[in-house]
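Open the model in your viewer and keep the selection tool at hand. Each stop below says what to select and what is there.

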Amino acid sequence: MSEPEITKIEVGDGAAIPRPEDKGLVSAWWIALFGAIALLVFLPWYKPDPYLNILRFVPDGIIVTFEVTVFSISLAIVIGLLTGLGRLSRNRFINLIASLYVEVVRGIPLLVQLFYIYYALGRFVRVPDLVAAVIAMAFCYGAYMGEVFRAGIKSIDSGQTEASLSLGFNHRQTMAYVILPQAWRTILPPVGNEFIALLKDTSLVSILAVADILRRGREYASESFNYFETYTMIALIYLLITLVLSKLISIMEHRLSHYERR
Amino acid sequence: MNAADPIIRLQHINKFFGAFKALSDVSLDIKSGEKVVVLGPSGSGKSTLLRTVNRLESIDSGTIIVDGHNLYDPGEDINRIRMEVGMVFQSFNLFRHKSVLENLTLAPIKLKKMDRDQAETLALALLDKVGMRDRATHFPIQLSGGQQQRVAIARALAMEPKIMLFDEPTSALDPEMINEVLEVMITLAREGMTMLVVTHEMGFAREVADKVVFMDAGAVVEVAKPMEFFTNPQNPRSQLFLRQILAPATR
């Protein structure tokens with residue numbers, strides 16, 4: 001069975017991770033960071049009503065956004081690992097199931113999946129909105145994560161597998177002791193990218209009555225009619241979060257490559 | 001199993017890569033303690049043959065018996081058989097995320113349930129044997145090719161195998177590192193290890209081999225004692241091969 005070759009997984013809408021060698025991106029990162037912080041400080045000081053009020057109202061949502069993001073990415077990593085292994089499985093049935101899952105998820109917009117899983121779950125069990133949102137996000141991102149894991153595992157030289165098998169390890173032990181410990185270094189940076197992409201996509205769960213940053217903003221705006229001011233602050237908050245996260249991930253990535261080179 | 005029975009017996013092995021016949025009716029017996037060197041031009045199927053002996057390569061027909069086990073019998077536990085058969089690769093294939101010592105202890109600890117102290121004692125003794133004890137805490141990437149290959153040999157020995165397979169162990173090495181690896185292999189041969197070696201090192205074949213197997217186009221063309229093979233090859237293809245590899249030296 002021939003599969004489409006995926007050598008590198010790029011998340012198109014992930015925040016750009018600045019690398020030290022890319023001077024343009026690095027300075028853009030600093031300008032964006034200081035710009036966002038300056039506006040987030042200046043506007044509430046200059047015009048407390050509504051900007052300071054918005055800043056007082058929205059932070060509850062930041063916690064919810066992080067909750068959804070962290071739970072979703074954790075579940076997505078588990079699903080992704082299983083999917084990646086499934087896509088590489090020599091068992092045709094498992095391979096087919098995993099591939100089918102990836103194809104289906106990739107073919108349906110995230111927003112539609114969110115609605116679908118939310119209402120489909122609702123027909124059988126009553127779960128809190130937050131749980132439904134996490135399951136839906138993880139279901140979608142698990143497929144993308146599966147491709148990341150698959151690419152990471154495939155990036156390990158087949159000689160490593162052969163050496164392990166020749167010592168007497170079976171395929172499962174080879175994966176656990178030899179392949180995955182090496183693959184995670186390749187996998188971690190794209191997982192970081194997915195984390196940022198997922199964090200931004202959690203804004204979609206605001207339509208499922210989950211009180212994330214965007215939902216809190218909408219609540220404020222619809223009461224005060226300060227739509228422009230509210231969404232300005234919302235955008236700045238998201239920007240600040242993703243800028244900081246992308247920097248953290250790039251530091252982590254740098255440390256990892258350093259470890260590899262020692 | 002009778003003591004006189006060969007420890008490795010290949011009978012009528014055929015293997016195809018698509019339409020290409022990689023192995024053609026290959027039969028070969030290797031007795032316990034015997035050192036067999038497989039020679040032949042590239043693409044002659046020597047490495048493929050070697051790799052069938054621990055089932056890293058499938059076969060299309062024939063039987064392979066290793067230490068009394070029928071290798072391609074679905075009822076056999078291939079992993080147990082592989083524990084008895086060490087393998088050394090052209091590209092070393094040390095575990096890049098493990099230190100030299102961990103490369104040696106991983107399999108004994110996980111597969112033989114050896115306790116860590118015992119495994120490390122064994123590993124250090126083996127590293128001593130291949131002259132790498134002082135590099136126990138290094139990572140593979142910090143070692144030269146020759147050093148990596150010596151560690152790779154020690155890693156295979158850590159499972160205390162009955163048979164060692166060598167798949168062109170010096171072909172990826174810079175010339176000045178070839179001897180340090182060959183010396184380790186010669187020591188191993190002197191200690192009585194059963195060895196099946198695919199190599200281009202004629203000096204090694206001459207010095208160590210009990211018999212030389214010459215392959216061409218997937219078939220065993222000639223089996224002879226090294227003295228006879230190098231001085232008086234019988235088959236025209238062996239003669240041509242020896243003329244080609246020895247030509248520059250005699251000029």
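## Stop 1

Select A:Trp30 and A:Phe34 in helix α1 (residues 23-46) of chain A; being four residues apart, they are separated by about one helical turn. Helices here are DSSP runs of H or I with at least four residues, strands are runs of E with at least two, and both are numbered from the N terminus.

This is a predicted model: local features need pLDDT of at least 70, side-chain atom pairs count only at pLDDT 80 or more, and totals for chains, interfaces and linings use all residues. Residues are numbered from 1 along each chain as its sequence is written, chains are lettered from A and ligands numbered from 1 in the order in which they are written, and side-chain values use heavy atoms, with hydrogens and water left out.

Check the surface first. A:Trp30 is partly exposed, at 40% relative accessible area. A:Phe34 counts as exposed, at 51%. (Buried means under 20% relative accessible area, exposed over 50%, partly exposed in between, with a 1.4 Å probe and protein chains only.)

Searching the whole structure gives 13 aromatic pairs over all chains. In this one, the ring centres of A:Trp30 and A:Phe34 are 5.8 Å apart and the planes are at 20 degrees, so the pair is stacked. (Rings of Phe, Tyr and Trp, the last by its six-membered ring, pair if their centres lie within 6.5 Å; planes under 30 degrees apart count as stacked, over 60 as edge-to-face and the rest as tilted.)

## Stop 2: helix α6

Stay in chain A and select residues 129-154, helix α6. Its 26 residues should span 38 Å at 1.5 Å a residue, and the end C-alpha atoms are 37 Å apart, which agrees. (The expected span is 1.5 Å times one less than the number of residues.) Now zoom to A:Gly142, where α6(A) bends by about 30 degrees. (The bend is the angle between axes fitted to the seven residues ending there and the seven starting there.) Of the 26 residues of α6(A), 19 are buried, so the helix is largely enclosed by the rest of the structure.

## Stop 3: two charges over rings

Select A:Arg216 and A:Phe57. The arginine lies over the face of A:Phe57, at 4.0 Å from the ring centre. In chain B, B:Arg55 lies over the face of B:Tyr72, at 5.9 Å. (A charge sits over a ring if NZ of Lys or CZ of Arg is within 6 Å of the ring centre and within 35 degrees of the ring normal.)

## Stop 4: the sheet of chain B

Show chain B as a cartoon. An open sheet of six strands runs in the order β6-β7-β8-β3-β9-β10, with mixed pairing. Its edge strands are β6 (85-88) and β10 (219-224), each pairing on one side only. (Two strands pair if DSSP finds at least two bridges between them.)

Select β9(B), residues 211-216: six of its six residues are buried. B:Lys211, B:Val213 and B:Met215 point one way; B:Val212, B:Phe214 and B:Asp216 point the other.

Follow its two partners:

- β3(B) pairs with β9(B) in the parallel sense over four bridges; B:Leu39 has B:Phe214 as its bridge partner.
- β10(B) pairs with β9(B) in the antiparallel sense over five bridges; B:Met215 has B:Val220 as its bridge partner.

End on B:Phe214. Ring pairs link B:Phe214, B:Phe229, B:Phe230 and B:Phe241 into a cluster.
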